[in-house]
Amino acid sequence: MEADWDELSQIPLPPPGPHALPTPATVVAFDTHQDLVWAGNDFGRVCSFFGPELQRYTSYKAHAAADGGVKQFLFCDKGVLSLSVRSVHLASRRGLTQWHLTHDEFKELRCMSFTSKGVHEILVAGCQNTMFRIDVEKGTITETLPAESNYTLMKKGGQYIAAATNSGQVHIIDPLNYKVIKTWQAHKEWINDMDAKADFLVTCGFSRRQLNNLVLDPFVYVYDLKLLVPLPPIPFHVGAAFVRMHPRMSTTSIVASQSGQLQVVDLMNPNTANVRQVNLFDSYLTQLEMAPSGEAIALTDSLCSIRVWGSPTKIRFTDQAQPSEFPDHPIPAPKVDWSMETPLSTVGMPYYRDTLLSVWPNHLVFEVGAPPPKVDAAVQAAMKRTDIGHWAPNIRKLRRNQVQETRLPGKGADALMAPKFLSEKARDGGVNSQPERRMSETLEALTDMMLDGSTKKDVPVMYRNVEIKYSKFGVDDFDFKYYNKTEYSGLETHIANSYANPLLQLLRFTPIIRNLALHHAATSCLFENCLLCELGFLIDMLEKAQGQNCQATNFLKTFSGLSNAASLGLVEEHSPNNALTTMIQGLNRFLLDKLTADFRQMSPGVSHLDHALTTAAVANIRCAQCNNETRRPGATYVHELVYPPKNSMKNPMRAPRPTFSQILKASVERQDQNRGWCDRCKRYQQLAARKTIQNIPPIMMINTAILSHEAKQLWATPGWLPEKIGIIVNTGQFYCYEGQDLEHHLKRNFYDIQVYDLIGVVADINSGENQKSHLVSMINVSPSSREENQTESQWHLFNDFLVRPVAKEEALRFEPNWKLPSVLTFEIAKASHRIDDTWKDHLDTSLLYRQWGPAPESDSTDYVPLSTSEHIKPGWPVAIDAEFVSLQREEIEISASGQRETIRPSRLGLARVSVLRGDGADEGKPFIDDYIAITEPIVDYLTLFSGISPGDLDRSTSKHALVGLKVAYKKLWLLLNLGCVFIGHGLPKDFRTINIHVPKGQVVDTVDLYYIPARQRKLSLRFLAWIVLEEDIQTATHDSVEDARTALKLWKHWAQVEEAEGRPVCDDMVRDIYKRGWEVGFKVPGARAINPAAAAAAAAAQGRGDTPEPGTGASTPIRRPGTAFGGANGSSGGGTAMFGSPMK
């Protein structure tokens, strides 16, 4: 390095995309054939620069972002070889791909080298147990070889290939048989850089020093490749980070530190050195490379810059550089003197074969009619000729005086089609000529259109907001299966505070929390505000649903009623402008604190949930003035990540980029300096606080707390968030490891290291200006699987009710512009697959036998409470019916065209629930008849259809013994998990409003028993009672005991007929019922007149499965004896002759 050497140019590395932020170079190299400098980044993009001025030459995408960053370059006549973790790429120097090689065994490639065949073959290796010989000419693997270690660097020097391992050793490999002939322990832990020329090999790396930290060694170690012996090291006191051998002076090397100090030293005489300093401001060096001519060096720093050093008069990259090919210069357009008098004919025009429309004068251009709409095929088929043309019956696809708008431009074929309502599908009968695209197919098509997400300008479809559309039949008509084809249930969004859905899903897939919540729900806990019970109920519902959509209504209702939740700004109604990231992180802290408090209410002695979540620590607070130190408890449930300040990167001894484990260690052992009160000084002083960790829990809940641009850049680094971490707590110190460091400690097995798996991430999605921000969760469902041999990751995206599997790389990839993590959950690996279902064997059923209040338990005269002699067994039938009141009216919107669209459906509340015995001596007698106390304002009691009157649900005025919603709900939950079979009419909507999921095997719905799908009409309970049982019910109002008993009778009647005469006879009976129904208009003769609109609205609000009975109409014949099904005279000749009933 001569005296006039200096920095000649400095440019920033181009960002990976047009709207992306710059990223540091992962590798830099000089071309051996042309005057080019090549650089690669973390996103697989390769750029080249020409000459000392570093002019942009080429830029191309060599590897997908999922394959990791560019690790190494090699150069040959055909072009540039680049290596990533999972692929090898050869491109010409102009950027054209020659071949791209991937393989299933490419798992963690790190390095490559030419073999004894020169530039025609390369040896590729990495942190895996295999190496590969690749033919450069053909781009194929010629041989797969076993690797004796994990290799991170590889250089060809002399007659050998030197390969650095991840444990600090150097293996000398014979390029003929690829066997290790010599092993040299160069560094104790890690080799950071290595170079080989002629007969010398030089290395620099890390070793562990005090506090078990990795520190750069103050020596450059030298090895003789000819004699295969180590030589005396070269001292470099500031820490050797990078080293290169001079290409023309065989014993000269250049050593560099992270702080920018350069030292040119002779290996044979290390006492004489030439020292230079690179001017670094707020950054540090990340790469060093020397040109093949020895007249230039290239440096990269943490601020994404590339620098070239050399002599201004002698600099060149190669001794005999081949000319680089450049594009032709564009021919400039002729200059035109433009003025007001210049004729327009002097402006050149392109040639056209057709006459331009613009030649017509404006006064001859007229607006003509719109293109005529195409005549429907059904109209053409029925068209008949007349004197003045043709006519056909109206197919009634359009309203009166409505025509099709044919001027609207056609929508793109790739637009995501909304699903049809279930009622529309049933009406179409599946005969549509254009089959409906499924969500999974559409998402995959749109996701695969781009190579990777780093260049996406728009948020992928699967991350965008999903909304529920409502038809006249309500939310039950929405096709949720369109969005979810998995066995994992999503959560609906039309509920207040549903922003909590991703966090609830994350807790559901954490096995320890799942087990404790269900065990707690099985206890006798009856606290109304117990969120842990509600979480257990929700988890049980999600598991039983097996992919069907669910809603966290009861959980969110209980949460919204907590006063401290509103005061903390966690309720959407009171904090409409708060950022969702801030709210979900606050909710994470609040929930864990509330859940542990709820657990202690039932287990005051030992709190297993506290043990599962609490990081035990002691905070040591020292006064900076008097050094007085106090100790206080510092236990916490949630860790807030703390990122290093920007100026801390100036420290040359610091690693180039902090890893996640380093950030987590600094966050757990949090050290703060704040002003506080000192008891000894009796004044406010500067206090320094640090934590001493005593114990770590099995579950690590982490808030990412991303506030700075630098923090976003860390998360944008591919693979920065590890899927596994290892934690050691020793003498109050917290140590965290990942990747190769974790594997190293597991192999040594010296410390008691606890391995944690990443369960999932709650991420904030910014969908753009036209959509509001929302939250999703990316969850690995494998640890919560019951299959012990399921070790592969199974990542799923939970975007409310949209659920789909995703690759691990996609799940752990973050984008600063639209996808950032908010909450992380790590769980100890030993807890994986430990799904405890013993809570079902320890259900506390005392609630079912308990009497309530001084008032009568039920208004029903035949109410008989359960006795202790009645043991509920699986399969025991119970009849159920529930009544509801309206708590909130539906929100509707009228469009400009007059169409009515439901924005949010009406919200119902459980008012009364009755459960009757379906078997035994007291068959048909209720043992549960609960009226539920409601504190919210009731907008409509729906008295005509619920039987509930004003004042019935108010504790101060009600004549009934009111119970809380949780008590009523838990009774049903106990019956469900005891295996009871529920019998009723229109039960799915009742269960949905109650917020409980009952498997199909435990439901008998008389709506479905007496139903013919082809008729597309379901029969009301009153009509079935009249025509089958000869009973007239619901004469005044609805009564849940009467309705449940009627459904039980209908089921018993069906079962008797099926057992006696078989299922075909039952089908004939249903057809006769429909036939008789058409004759009477599906109306009970003599029924009171009801406003049809009011009846339909009330039935929809109640969520019934029956058809609203029509109002006044044509008179019907009076029912005569012998015309009813199952009545006393049902077997008379008249009844059989009239309806053809097969029943006897």
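## Pairing of β4 and β5

In this predicted model, strand β4 (residues 45–50) pairs with β5 in the antiparallel sense over six bridges; two strands pair if DSSP finds at least two bridges between them. Strands are DSSP runs (E, at least two residues), numbered from the N terminus. Across this pairing, Arg-45 stands opposite Lys-61 of β5.

## The four-stranded sheet

Strands β4 and β5 belong to an open sheet of four strands, with antiparallel pairing and the order β2-β3-β4-β5. Its edge strands, each pairing on one side only, are β2 (27–30) and β5 (55–61). On average, neighbouring strands of the sheet are turned by 20° against each other, direction ignored; the axes are lines fitted to C-alpha atoms, and angles run from 0 to 180 degrees between N-to-C directions.

## Annotated binding site

An unreviewed UniProt entry carries the annotation "binding site" for Asp-881, Glu-883, Asp-990 and Asp-1043. Although spread over 163 residues of sequence, these positions cluster in space, with a largest C-alpha distance of 12.9 Å. UniProt positions follow the numbering used here, feature names are shortened, and annotations may be inferred rather than shown by experiment.

Asp-881 lies in strand β45 (residues 877–888), and Glu-883 is also found in β45. Asp-881 counts as buried because its relative accessibility is 4%, buried meaning under 20% relative accessible area (1.4 Å probe, protein chains only). Glu-883 is likewise buried, with a relative accessible area of 0%.

## Basis of the model

Residues are numbered from 1 along each chain as its sequence is written, and side-chain values use heavy atoms, leaving out hydrogens and water. Because the model is predicted, local features need pLDDT of at least 70 and side-chain atom pairs count only at pLDDT 80 or more, while totals for chains, interfaces and linings use all residues.

Terms used: Buried means under 20% relative accessible area, exposed over 50%, partly exposed in between (1.4 Å probe, protein chains only).
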